[in-house]
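Student: I have a structure to go through before I set anything up. Could you walk me through it?

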Amino acid sequence: MTDSTQHFSGSYRLEDVEFLLTPMALEPILDLAEKERLIQSGQRHYSEMLSPESLPSPAYLALFQSAFAANRLQMARDCLRLAALIAARRTGPVTLVSLARAGTPVGVILGHLLRQVFQRECSHYSVSIIRDRGIDTNALQHILAQGHSDASIVFVDGWTGKGVISRELRQTVDDFNAANGTTIDGGLFVLADLAGTAACAASASDYLIPSSILNATVSGLVSRSVLNEAIGPDDFHGCVYYAQFEQHDQSRAFADGLVADALAIAASSGIPLAEASDAPAMAARSQAYMAAAQQEYGISDINLIKPGIGEATRVLLRRVPERLIVRDTNAPDVAHLLLLAQEKAIPVTVEPALPYQAVALIRSAVDG
């Protein structure tokens with residue numbers, strides 16, 4: 001229940017984040033083809049089921065470590081830039097509300113930077129948002145009940161793919177405001193806005209955000225959020241806590257490393273200018289690509305197309321992929337995707353003019 005839930009921070013420190021999620025037991029659905037059929041036929045919503053999670057293979061973990069080494073400074077600079085954007089657009093205390101779970105490590109890092117670099121009082125909650133079902137309104141009510149003002153709330157995520165979640169967020173927050181007489185800003189702040197639908201972004205570049213290629217072991221050991229019949233009307237949305245992965249958890253070390261990098265950049269080079277990306281141009285690019293991909297691959301359901309490295313990685317880890325499309329097979333940022341495609345024996349198409357580094361197509365389970 002919302003008011004009696006103990007402070008749950010997953011594997012993070014208590015002061016880093018409070019997950020407004022209900023830890024639960026849920027057996028994963030092992031047959032991914034059956035899961036795909038249930039989702040695409042409309043019999044079950046994706047949020048009602050979880051795919052099994054396992055520790056990464058040594059080869060895949062080596063790719064993560066390589067990606068972390070190669071891209072940590074870019075991510076640190078973008079976190080610093082995003083913190084500057086937040087500091088410029090909010091006065092007084094800041095209430096970070098990250099979208100679990102890709103937004104969670106970003107929120108943890110931003111919290112440290114807002115406190116240490118910008119001397120801002122900052123709280124951080126991580127909440128569930130689900131496509132077609134909206135944000136967890138019990139979580140929003142809980143945050144407001146702690147005394148945080150509407151104006152202090154900032155929604156944070158890692159990236160936008162084609163903008164579904166950012167649009168879902170804005171719509172459901174608008175509905176929440178209308179129902180509750182609040183004035184919460186439903187704009188989303190992200191590191192990389194590929195869809196041009198974020199309120200603020202540090203970048204529009206489709207680069208490999210290292211945390212995007214691991215699951216629970218870089219996100220506080222929690223699963224993707226769950227909303228099924230086990231969640232009561234007053235409960236927060238659910239999640240599974242993977243205690244069995246504790247010995248392999250990298251969540252704190254990952255965030256701590258990025259914070260240290262960002263603090264070093266701030267000390268040596270100053271704080272990056274708070275400049276918003278060209279969202280209209282990114283939105284036009286996204287819309288043009290989605291229309292072209294639908295025609296090229298004969299796909300009627302836009303949900304089966306996942307643009308960008310982060311979204312493509314999710315498909316190859318959790319769904320039944322049909323095809324991987326990359327711009328350049330020699331690009332280090334797609335090495336993990338090529339390994340996953342090889343392991344899953346799916347075709348790889350090279351499109352030198354692709355506007356993103358990678359796109360994944362989900363196999364249709366309805367059309368046969």
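Predicted model: local features only at pLDDT ≥ 70, side-chain atom pairs only at ≥ 80, totals over all residues.

Student: Charges next. How far apart are the mean positions of the positive and negative ones?

Tutor: The mean positions of the 28 positive and 40 negative charges are 3 Å apart.

Student: How many salt bridges does the structure hold?

Tutor: It holds ten salt bridges. One of them is between the side chains of Arg 13 and Asp 256, at 2.6 Å from N to O. That pair links distant parts of the chain, with Arg 13 in the segment before strand 1 (18–19) and Asp 256 in helix 6 (residues 251–269), 243 residues apart.

Student: Arg 13, then: buried, partly exposed or exposed?

Tutor: Arg 13 counts as partly exposed, at 25% relative accessibility, and Asp 256 is partly exposed as well, with a relative accessible area of 30%.

Student: What else does helix 6 pair with through Asp 261?

Tutor: Asp 261 forms a salt bridge with Arg 72, and the closest N and O atoms are 2.5 Å apart. Asp 261 lies in helix 6 and Arg 72 in helix 2 (residues 58–89), so this pair ties together parts that are 189 residues apart in sequence. Asp 261 is buried, with a relative accessible area of 15%, whereas Arg 72 counts as partly exposed at 25% relative accessibility.

Student: Which residue does Asp 132 meet in a salt bridge?

Tutor: The side chain of Asp 132 meets that of Arg 131, at 3.4 Å from N to O. Asp 132 counts as exposed at 56% relative accessibility, but Arg 131 is buried, with a relative accessible area of 17%. As for networks, salt bridges that share partners join Arg 13, Asp 16 and Asp 256 into one.

Student: Which charged residue is buried yet has no salt bridge?

Tutor: Lys 306 is such a residue, and the nearest side chain of opposite charge, that of Glu 311, is 4.5 Å away. Lys 306 lies in strand 11 (residues 305–307), and among the residues it touches are Arg 131, Lys 162, Glu 311 and Val 359.

Student: Let's switch to Leu 113. Where is it found, and is it buried or exposed?

Tutor: Leu 113 is found in helix 3 (residues 103–116), and it is buried, with a relative accessible area of 0%. Leaving out residues up to four places away in sequence, Leu 113 touches Cys 79, Leu 80, Ala 83, Phe 118, Val 259, Ala 262 and Leu 263.

Student: And Leu 263, what is it in contact with?

Tutor: Leu 263 lies in helix 6 and, apart from its neighbours within four places in sequence, it is in contact with Leu 113, Gln 116 and Val 117. Leu 263 is partly exposed, with a relative accessible area of 28%. The C-alpha atoms of Leu 263 and Leu 80 are separated by 8.3 Å, although the two residues are 183 residues apart along the chain.

Student: Last one: what do the buried residues of helix 1 pack against?

Tutor: They pack against helix 8 (309–318) and strand 14 (358–362). In helix 1 (residues 32–40), the buried residues include Lys 35, Glu 36, Leu 38, Ile 39 and Gln 40. Helix 1 is followed by Gly 42, which has a positive phi, near 80 degrees.

Conventions. Residues numbered from 1 in each chain as written. Heavy atoms only, no water. Helix = DSSP H or I, 4+ residues; strand = E, 2+ residues; numbered from the N terminus. Buried < 20%, exposed > 50% of the residue type's maximum accessible area, 1.4 Å probe, protein only. Contact = heavy atoms within 4.5 Å. Salt bridge = Lys/Arg side-chain N within 4 Å of Asp/Glu carboxyl O. Lys, Arg positive; Asp, Glu negative; His and termini not counted. Charge placed at Lys NZ, Arg CZ, Asp CG, Glu CD.
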